[in-house]
Amino acid sequence: MKPFPLTFAPAEQTTADCAPTDSPTADRASADRSRTNRVWSAGVRSLAVAALGSLVFAACGGDEGHREPTVLQPVSVTVTTAWTASAARSFTARIEAAQTAHVATRVSGTVTQVAVDVGSTVRAGDLLARLDDADVRARISAAEAQHALAEQMQGRIARLAADGAASQQELDVANAQLAAAQAGVTEARAQAAYVEVRAPFAGVVTARMVDAGALALPGQPIMSLQGEGALEAIADLPASEAGQVSPGQVATLSRDGASIAATIRRVVPALDARSRRFRVEVALDEASPWPAGEVVTLNFAAAGTGSQWIPADA
């Protein structure tokens, strides 16, 4: 519907309408004209309101049948789900042989022979290395000579004491010197056994620290040996876990999809001064699918069902 113009002409006034008069007839005519003017003004206002409504209606679209339909744009939707955070606790552990040793010699000497290498399999008592025994043999000879002299002196004093020419005190001193000389021989000969370094148990050599010609010192490792058979897991746990782990507690070890049952065997009740961690030894309840030295995950089951997490994009 199109808007249409409205033109209103003002009411004409004549000179007679504006002229004053005092007659009754004139007064009635003037009152009639006033009433006519008021009716005319009300009609004009009604027409103006109707016209304005027509204009607003036309501006807002008019007939509903001519409005354009609203087109909704497609929206992509991604389905996401909440997941449960496990209450289990996990820590890094390493697989180690239950029996290990750093083999050292008890005497000083130059290494003359290294009988094994890294990876060699040995039996208990097998020779690992040999030291130069020249010094040891010299000590044995000196001890044996001292023993022979003490033995002769004791014999003379014993014969003199039997004839009454020596006192009992002199005989006691001779007997003590003989016993000390015998102990010296025993000690010197024992040193000869330390010249040969032998395996304390059956296992595999995992490290070799010396070569032929090196100087071996007492207490300094020359070989590392790993025993055959049982394996265990070693983990260093943070101080916050103290009191939450105890011997006999059930756990699991896992790596690369493989998992085996395990049991806490020993808990060291002291923190390391530097790392502020304490050590836990774990016995494997099943055959280990991992070799010694492998790093695995130690898992402890915890009470509760965990917590629900919702992705941030939900």
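Predicted model: local features only at pLDDT ≥ 70, side-chain atom pairs only at ≥ 80, totals over all residues.
Q: What does the chain average in pLDDT?
A: The average pLDDT is 80, and 71% of the residues score at least 70. The term pLDDT stands for the predictor's confidence in each residue, from 0 to 100.

Q: Where does it stay under 50?
A: Over residues 1–22 the pLDDT stays under 50. For that stretch the model has 14 contacts beyond four places in sequence, a contact being heavy atoms within 4.5 Å.

Q: How many helices and strands are there?
A: The chain has four helices and 16 strands. Both are DSSP runs numbered from the N terminus: helices are H or I with at least four residues, and strands are E with at least two.

Q: And what share of the residues is buried?
A: Of the 314 residues in the chain, 23% are buried. Buried means under 20% relative accessible area, exposed means over 50%, and partly exposed lies in between (1.4 Å probe, protein chains only).

Q: Turning to sheets, which strands go with β10?
A: An open sheet of four strands has the order β3-β10-β8-β5, with antiparallel pairing. Its edge strands are β3 (100–104) and β5 (121–122), each of which pairs on one side only. Two strands pair if DSSP finds at least two bridges between them.

Q: How many bridges join β10 to β3 and to β8?
A: β3 and β10 pair over five bridges in the antiparallel sense. Strand β8 (residues 203–208) is also joined to β10 (residues 221–227) by five bridges. Among the bridge partners are G203 with G227 and H102 with S224.

Q: What holds strands together in general?
A: Strands of a sheet pair through backbone hydrogen bonds, either parallel or antiparallel.

Q: What does its side chain touch?
A: The side chain of S224 makes a polar contact with the side chain of H102, at 2.9 Å. A polar contact is a pair of N or O atoms within 3.5 Å; within protein, one must be able to donate a hydrogen and the other to accept it, and residues adjacent in sequence count only if both atoms are side-chain atoms. Leaving aside neighbours within four places in sequence, the residues in contact with S224 include A101, V204 and M209.

Q: Which face of β3 is covered?
A: A101 and V103 form the covered face of β3, whereas T100, H102 and A104 form the uncovered one.

Q: What about the sheet with β6?
A: That open sheet has four strands in the order β7-β6-β4-β9, and the pairing is antiparallel. β7 and β9 (215–216) stand at the edges with a single partner strand each, so one side of each has no neighbour in the sheet. Strand β4 (residues 109–114) is joined to β6 by three bridges, and V111 has L131 as its bridge partner in β6.

Q: Changing topic, how far does α4 reach?
A: Helix α4 (residues 168–195) has 28 residues and reaches 42 Å from its first C-alpha to its last, close to the 40 Å expected at 1.5 Å a residue. The expected span is 1.5 Å times one less than the number of residues.

Q: Which residues of α4 are buried, and what covers them?
A: The buried residues of α4 are L171, A174, A181, V185, A188, Q191 and V195. Their cover includes β6 (127–131), α3 (134–163) and β7 (196–198).

Q: Why would such residues be spaced like that on a helix?
A: An α-helix has 3.6 residues a turn, so residues three or four places apart point the same way.

Q: And what do the buried residues of α3 pack against?
A: They pack against α4, and they include V136, I140, A143 and H147. After α3 comes G164, whose phi is positive, near 85°.

Conventions:
Residues numbered from 1 in each chain as written. Heavy atoms only, no water.
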